[in-house]
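Please open the model in a viewer and follow the stops below. The tour covers aromatic rings and the side chains around them.

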Amino acid sequence: MTGNSEAPLRDPAGTEATADRLTEVTAFGGNPGALRMLRFLPPDLPRGAPLVVALHGCTQSAAGFDHGCGWSDLAGQVGFGLLMPEQRRENNGNLCFNWFEPEDTRRDSGEALSIRQMIGWMLEHDGLDPRRVFIAGLSAGGAMTSVMLATYPEVFSGGAILAGLPYGAASTVPQAFEAMFQAPQRSAGERGDAVRAASRHQGPWPRVSVWQGEADATVRPGNAEEVLKQWLDLHGLEIGHPTLQEARPGETYRAWGRGEDRPLVEIHSIPAMEHGVPLHAGTGERRAGSAGPFLLDVGLSSPHAILDFWGLGEPPQRRFAVDRNGEAWEVHGFSPASLLDKALRIVGLR
């Protein structure tokens, strides 16, 4: 199939505040997982901008998840392309990504391949930076984030798993429920080996941020520890030796690294929080989104913190050029070298 068909999204859940921002792309590849591709590009986004992939949880839609988390608002403020795959009810009655189905969780198969095709389409069509692709998801979307990081680790610079599960935690529906409610413990090596077996990639591995409510009865908090084991093993780090551990307002924080500016793996544990995305809803500094089911206003904005962890937290630097008469104008999409060259040409020095 060739070509492209795009149409504005009308969200069936009625989240009109962001529905019109998302555009559906229908011809992005073979789409073996039969998912919907929804995307948002801020106006005047320069070529070479990062790409963020956001995966909704069960019972949610892409537009509803965007409205709740504020991803498209942040895309405009910070400057990145946004991809929001959406599950179809024909695939899963509860609109969960099928993170436990073998055909959907293997490299180059099912839903995992569909999401990979969407990413490839946006990188090529929208001219985004293949070195700065990031992915985050909640619950089943968090478990599917684990799948994508494991099956296509070379694609992603970083990920964020919110109330999710480790890759390889289940391959049947009964195993999925057991993993969610009981969080069986495995060794760090076993968890890491599941990812190493998912592709031929041998590193470097994506950086991973983990988020978990300590009162979560849907995905038990022990799953966050299993996710940590998995990614710490891949990075050659030990769960018992964090480089930073501290009590912060509204959370307990642990991080692991090797002296880099930002850690390789981190976890935010939110006391008394149930199942959902931690938010500081509203508008203003370090606020985004709107509270709702599984979108919990606890006074802490995980989308902001995740962008910080990925190194995307600051808005793009504005660039200006000045002509020989001293008049300045803003330019978009120039590298410093090309900007200097153009400025020198204008003043007659090249």
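Over the ring of which residue does the charged end of R207 sit? Select R207 and F309: the charged end of R207 lies over the F309 ring, 4.2 Å from the ring centre. Keep in mind that this is a predicted model.

Next, select R248 and Y253. Here the charged end of R248 sits over the ring of Y253, and the distance to the ring centre is 3.7 Å.

Now turn to ring-on-ring contacts. W99 has a relative accessible area of 8% and counts as buried, because the cut-off for buried is under 20%. F100, at 11% relative accessibility, is buried as well.

Then select F177 and F181. The ring centres are 5.9 Å apart and the planes meet at 25°; planes under 30 degrees apart count as stacked, so this pair is stacked. Show the cartoon for residues 173–182, which make up helix α6. F177 and F181 are four residues apart in this helix, so about one helical turn separates them.

Finally, colour F177 and F181 by accessibility. Are they buried, partly exposed or exposed? F177 is partly exposed, with a relative accessible area of 44%. F181 is also partly exposed, at 40% relative accessibility.

Conventions. Residues numbered from 1 in each chain as written. Predicted model: local features only at pLDDT ≥ 70, side-chain atom pairs only at ≥ 80, totals over all residues. Heavy atoms only, no water. Buried < 20%, exposed > 50% of the residue type's maximum accessible area, 1.4 Å probe, protein only. Phe/Tyr/Trp six-rings, centres within 6.5 Å; stacked < 30°, edge-to-face > 60°. Helix = DSSP H or I, 4+ residues; strand = E, 2+ residues; numbered from the N terminus. Lys NZ or Arg CZ within 6 Å of the ring centre and 35° of its normal.
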